[in-house]
2 protein chains.
Amino acid sequence: MKIKVIKIGGKLIENTDVLASLSDSLAALDEAFVLVHGGGVMGSQLATKLGVEVKMHEGRRITDAATLDIAVMAYAGLANKRVVSALQARGVNACGLSGCDMAVVKSHRRPVKDIDWGFVGDVDEVNADVLALLLDNGAIPVVSPITFAPTGELLNTNADSVASAVATGLAKKYEVELVFTLDKPGVLLDVNDDSSLIPTITPSLYEELRREEKIHSGMIPKIDNAYKTIEAGVKAVRITSPDSLTGGTIVVK
Amino acid sequence: MKIKVIKIGGKLIENTDVLASLSDSLAALDEAFVLVHGGGVMGSQLATKLGVEVKMHEGRRITDAATLDIAVMAYAGLANKRVVSALQARGVNACGLSGCDMAVVKSHRRPVKDIDWGFVGDVDEVNADVLALLLDNGAIPVVSPITFAPTGELLNTNADSVASAVATGLAKKYEVELVFTLDKPGVLLDVNDDSSLIPTITPSLYEELRREEKIHSGMIPKIDNAYKTIEAGVKAVRITSPDSLTGGTIVVK
């Protein structure tokens, strides 16, 4: 059985029209999928409204107790249920999950070194049996980036990392394609020219592009991570825009 | 298979110590169960912090769009995930669900008559197959009072009504006891004397108590509703305090 694991950013959920369009695309897919969503801006907006200071370090959020509650409300609550209900309205039998639900995504609190990131989790394990139980019964898991330490702590987690862990976890049972959506059509030779899209990246092409410095530096960690998940068993990683879930750039072995 | 459907109020979730104690009691139960929770005060507190006016009519909340978002965040998000993670930490394989998740609780928006209640749902149907899929795989559903209209709308719903609908839905598959928790030990002959607890209410005793006006008027709708769910297939309805989930008053046929 083929499964897509699709990561979408929180930006796609905030606007009703954008969410409707994305949900139409998801409902049109031929394959079963797992959706992993972020929710960044919804959390920041709620924090601002509540007068809770958004603390950042090198572009990454520090999650204190008040910020964690906000993340749980915004991501596990509003963002997750909006996506699930938009999919349900289109006949997709979506089921929202956060990491604590059937302990589907276990993590640990990031150890304090130079910076105390607070209630931030690094993923340890995805319970593929839980996802398979839902998938094999025709349900589509919709996973929020709130994960769970077995001590009972909820932890705010990077949604890209959750998506990668879900994909590698499911790769033991299914043929998995991991899809990252971004606001570009895919990996471009010229970031200002959408027609310079590279449809397929192989290890030899990637090496060549890097050697010739033809690839944008921001893409390098994304493709490096893609190859890490491919080494861990994922069949392919797609980097594409949300309105072309079967297009964009595909990274393969 | 015997199943308890347990309704708890939102007040039990807000305080960490109270939630810990309740979770200990739930983890100690011999039977599988479904938990249905409210979340009233968490929603009101969040509304106050966000400067959203809480509109009431005859003691019941009117849910406008901003209030619905707050209810989804507070009930489907924070309250639900706090309960699930507290249970998981005690070895109970809890799975949080709102009505939209696998369309487990379908409702319709309450029709406008004298009052427009806004985004408030009245329950139409509980999908017992979804709950049975989880229960039969060792998971414990934890259901928030956010339900779902098949058009895609999320709706704020009375948690007692959700619990009754879950119990009657499950009664087709299991032997169900519906448990309502309150801040009294159960149904009392004298509301100021906890030792006046009535352990068992039968239809003939209920008739007698009403005739002799020995039962507090606030209990009458609760017991009337209990008999409605019993007529709909539920085996018994327990009215008890959260620290005595197998005690209190049991209402039987």
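**Before starting**

This is a predicted model, in which local features need pLDDT of at least 70 and side-chain atom pairs count only at pLDDT 80 or more, while totals for chains, interfaces and linings use all residues. Residues are numbered from 1 along each chain as its sequence is written, and chains are lettered from A and ligands numbered from 1 in the order in which they are written.

**Stop 1: the two domains of chain A**

Select residues 2-181 of chain A for domain 1, then 184-253 for domain 2; such bounds come from an automatic or database domain assignment. Taken over C-alpha atoms, the centres of domain 1 and domain 2 of chain A are 23 Å apart. Their contact involves 19 residues of domain 1 of chain A and 16 residues of domain 2 of chain A; two residues are in contact if their C-beta atoms, placed from the backbone, lie within 7 Å.

Next, colour β1 (2-8), α2 (16-27), α6 (159-170) and β11 (175-181) of chain A, each of which supplies at least two residues of the side of domain 1 that touches domain 2. Helices (H or I, at least four residues) and strands (E, at least two) are DSSP runs, numbered from the N terminus. Which element gives the largest share of this side of domain 1 of chain A? The largest share, seven residues, comes from β11(A). By class, this side of domain 1 of chain A has 11 nonpolar, five polar and three charged residues. Here Ala, Val, Leu, Ile, Met, Phe, Trp, Tyr, Cys and Pro count as nonpolar, Asp, Glu, Lys and Arg as charged, and the others, Gly among them, as polar.

**Stop 2: the sheet**

Stay with β11(A) and display the strands around it. An open sheet of eight strands, with mixed pairing, has the order β5-β8-β2-β1-β11-β13-β14-β12 in chain A. Two strands pair if DSSP finds at least two bridges between them. β5 and β12 (200-201) of chain A stand at the edges with a single partner strand each, so one side of each is left without a neighbour in the sheet.

Now select β13 (236-240) of chain A, which pairs with β11(A) in the parallel sense over five bridges. Glu177(A) has Ala236(A) in β13(A) as its bridge partner.

**Stop 3: helix α6(A)**

Select α6(A), which lies across β1, β2 (32-37), β8 (140-143) and β11 of chain A and runs at about 175° to β1(A). For this angle, axes are lines fitted to C-alpha atoms, for helices over the stretch in contact, and angles run from 0 to 180 degrees between N-to-C directions. Of the 12 residues in α6(A), 10 are buried, among them Val162(A), Val166(A) and Leu170(A). A residue is buried if 20 or more other C-beta atoms lie within 10 Å of its own, exposed if 12 or fewer, and partly exposed in between, with C-beta atoms placed from the backbone.

**Stop 4: two loop residues**

Most residues other than glycine have a negative phi. Glu213(A), in the loop between α7 (203-211) and α8 (219-231) of chain A, has a positive phi near 50°. Met102(B), in the loop between β5 (94-97) and β6 (105-109) of chain B, has a positive phi of about 55°. Which of these residues is buried, and which is exposed? Glu213(A) is exposed, with 8 other C-beta atoms within 10 Å, whereas Met102(B) is buried, with 24 C-beta neighbours inside 10 Å.

**Stop 5: where the chains meet**

Finally, show both chains: 31 residues of chain A are in contact with 31 residues of chain B. On the side of chain A, α4 (65-88), β5 (94-97) and β9 (146-148) each supply at least two residues, and α4(A) provides the largest share, 12 residues.
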